[in-house]
Amino acid sequence: MSGHFENINFWAEKLQQISLPDAEQQWQSMEAMLDAEMPVSKNKDWRRWLILIILLLLLIGVCNCPGIMKMNKFSANNDVQVEDKQSNQKEKQKSGNHSSSIHSSDSLKMNNGSKTENADETINAKESLKENEKEKTHSKNADLTTNKLNNSFKKKDLEATKNIITPINSVLIKKKDAKEYVHSNKIKKSKTSYNKKQDATTKNEKENKLNLSQTKTDKSSRLADKKNQSINTQLTNNIGETNNDEIKNNKIDDSAATKKAEHVIADSLNKKKNIDSVNKKKLLADSTKKKTDSSDKKRKRIALAAGLGINQFFTVGSQQHSDYNSGGTSGVLSDYIPVPLVRAYFSKKLYLQIEAQINTPQYTKSLLASQVIKADTPGSGNPTPPSQNSVFIKKLFYFNIPLSIHYSPFENFYVGAGVQFSRLTNGVGLFQDNALTSTGFDSLTLSKTQSFKKDPVYKEIKTNEWRFLLDANYQWKNLVFGVRYNQALSNFINVQISSTQVTQARNSSIQLYFRYILWNNKKAKELFSKK
Amino acid sequence: MPPIDEDIKALIEGCKKNDRKAQGLLYRKFYVAMASICSRYISNQQDAMQILNDGFLKMFKNIQSYDENKAGFYAWINKIMVNTAIDFLRKRHITYTSELSDIKEESAIENSVIQKINADELLSLIRQLPAATQLVFNLYTVDGFNHREIGEMLGISEGTSKWHLSEARRQLKQSILLQIKS
C-alpha cells in the first residue's frame, strides 16, 4: 500500500458503520468450515478418559482386593470376639474379678489385634521396656526380651504385608488379561457392526433392485395392455366399418392401426420417462430437505456435559458415624464409588443435572429396629435361660438418583435445588443378645455388627423414598466443589417395638463433593466459548 | 508499525495451536472490519459473507507464517481479505473496459458530501457501480493502494486503473447528489 492520502480513513470509517449480519451466526458457519478443514484433535479427551478408566479399575481392584477383604473380615471377627470377651468381662466384673479379666482381655487384644494395633503395641512395648531398662540399670535380660519382642512383631508385619502384596499382584495380572479381553471384544464388536452394516446395505440394494424390476414389469405390462387396447379398438372400429368386399382395405387399415399404436407407445414411453425424471427430482429434493432438517436438528441440539465425582458424607444432628461397609465389615473405601453425572445447559447460568450415586452411605442414630425375647420350649434338653435379641441400625446404604436444577447468581457460583429418589440397597446393624438375670435382660452374651439385608428387620425399612435437596457449588474450569443437603419426605422406619416404645426416623444427610466435567458436547463448548 | 496488542498476541498464539476458542475470539474481534471490507468488494451480501469466511479460513491456515516484525496483524489480515475478494471477482471474469482516449481525472468526492449520506446508502451506491470500477475505487479510495499497485494486482495498466477511478468518482458524485436531493 502506498501513501496517497485521499480521505482514505474517512471512507473506511464511514463504511465500517454499515449494518452487518450477526457475528455469532457467521461464526457458526465459520466453525463448521474450520471443523471440516482444520479439525481439532481429540487426543486430550481420550487421554483423560483413559486415565479415568485406569483410576476406576484401580479403585475397583482395591475395593475387591482379597487381601483387604480378608483383613476386613479378620478385624471384624476380632471385633466380635473382643465384644464377646467384653461381655464376659462384664460378667466377671460383676463377680468381682476385675483385675484378672482386664489382663486377659489385654492379652487377647495383643494376640488378635490388627496390624495397626500391633504397631501401636510395639511402640508401647518399646517405651515400657526402655523405662524398665532405666529402672533396672540396663540389665542384659531386658535387652534380650525386647529383641525377641521386636523380632516377633517384625515377622508379623512382614506376613501382613505379604498377604497384601500377593493379592494385588494377582489383581494386576488379571487386569492385563482383562485389557486384552476388552481389546479383542472391541475388535469383535466393530467387526460385527461392520458386517451388520454391510448386510443392511446389501438388503437395501436388493430391495431397491426388486422395486425397480417390479416397476419395470408394471410399466411393460401397462404398455402391453395399452397396445392391445389400442389395437382392439382399432380392430373393432374396422370391423364395424368393413364389408366382405373390402378385405384388402381392412389389411391396410390394420397396418395403419399398428403404426398408430406404435406412436402411442412411444408417446407413453416418453411421458413415463418424464414422470420418472420428475420423481427422481422429487426424491432428490426430499433427500436434501431431510438433510437440511437433520442439520437444523443438529443445530438445535441441547448443550450437554458429563463428568464424574466423589462424595464425602457427614452426620447430621444425632446421627452416628460408622466405619462399616455394606458387607458388614469395617472399611469405608466402598463409600467412595465415583458418581457419574450428566448436565443439560439451558444457558450459561442455568442447568439441569442428574446423577447416579451407587452404594451411598446413610448415617443414622443407633435405632432399635427389633427386639425379640427367646425362651426354650418346654421339654427340650439342656434348658438355657431366656434371652433378648435386639437389632440396632448403624448405617444404611442407598442407590440415589438426584435431579436438580442449578442457577448461577455470580460467576462460577451455582445454587441448586431438586428431588432425589433413593432406593435402599443394604444396611448394617448391631446384633445384641442379652441373657436374663435377676435384674432383667442385662447380661450381654453376644454383640456383633453385620449386614441385615437377609434379616427380617430389612423388611421393616422403607425401600424407596423421595428426598428434597439443596445444593451450592463453585465451578473452576472443569472442577466443581460443592456442598449438598438432602432430607427425606417421609420416615424410613416406623416400628412398634413394644406397647410403649416406637422407633421412627427420617433420613437426612449432608455431603461435600467434588466433580470433574470430562466431556462437553459441541453446543456446550459453543456456549462456554462465548464471552 | 504500532506494536501488537497483548490480547491479540495471545489469541494469535492460541490460533497457532488450532484452539477453537482463540479462533472464535479473534474472528469476533476482526469481524466488523473484515466484513465491511468484503461487503464493499462483493455486491451480493451472501457472497460477501462467504468471502469473509474463506478469508478467515485462509488466515487461520496460514497463521503460522505470520511474522509480527514484518507487518501489523490488521494489515496482514486486511491484505488476505482483499486478495480473497479479488480472487473471487477474478473467477467471475470481470472485464476492465476503458476508453483511454478521454481520461479526464475526476476530482475526489468531498467529505462534507459523504457525511450527508448514511453508510448503508453509500454502500448501496458503491455496489451499483460496475464490478471493475467498484473494485478499483475500493482499492484506491478506501484501502489506499496506488494505480501501479492496482495495475499489478489486477493485471491492468495504470491508465485503465485511473480511468476506472475517474469513472467511479463521476458516477458516485451523480448518484450521491441525486440521493441527497431525493
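Start with the cover over helix α8 of chain B. In this predicted model, select α4 (73-91), α7 (131-142) and α9 (158-181) of chain B; these are among the elements that cover the buried residues of α8(B).

Now select α8(B) itself, residues 147-154. How many of its eight residues are buried? Six are, so the rest of the structure largely encloses this helix. Colour the buried set: B:H147, B:E149, B:I150, B:G151, B:M153 and B:L154. As background, an α-helix has 3.6 residues a turn, so residues three or four places apart point the same way.

Go to the start of α8(B). Show the side chain of B:N146 and the backbone of B:R148. A side-chain oxygen of B:N146 comes to within 3.1 Å of the backbone nitrogen of B:R148. Then step just past the other end of the helix, to B:G155. Its phi is positive, about 75°.

Next stop: chain A. Select A:V342, A:F346, A:L352, A:I354, A:L403, A:I405, A:V419, A:W466, A:F468, A:L470 and A:L489. Together they make a nonpolar surface patch of about 940 Å². Colour by element: β3 (350-355), β5 (387-410) and β8 (464-476) of chain A each give two or more residues to this patch. Which element gives the most? That is β8(A), with three residues.

Finish on A:L352. This residue lies in strand β3 of chain A.

Note on methods
Residues are numbered from 1 along each chain as its sequence is written. Chains are lettered from A and ligands numbered from 1 in the order in which they are written. This is a predicted model: local features need pLDDT of at least 70, side-chain atom pairs count only at pLDDT 80 or more; totals for chains, interfaces and linings use all residues. Side-chain values use heavy atoms; hydrogens and water are left out. Patches are made of residues with over 30% relative accessible area and no salt bridge: like charges are joined within 9 Å, nonpolar side chains (Val, Leu, Ile, Met, Phe, Trp, Tyr) within 5 Å. Accessible areas come from the Shrake-Rupley method with a 1.4 Å probe; for residues, only the protein chains shown count as cover. A salt bridge is a side-chain nitrogen of Lys or Arg within 4 Å of a carboxyl oxygen of Asp or Glu. Helices (H or I, at least four residues) and strands (E, at least two) are DSSP runs, numbered from the N terminus. Buried means under 20% relative accessible area, exposed over 50%, partly exposed in between (1.4 Å probe, protein chains only). Contact means heavy atoms within 4.5 Å. A polar contact is a pair of N or O atoms within 3.5 Å; within protein, one must be able to donate a hydrogen and the other to accept it, and residues adjacent in sequence count only if both atoms are side-chain atoms.
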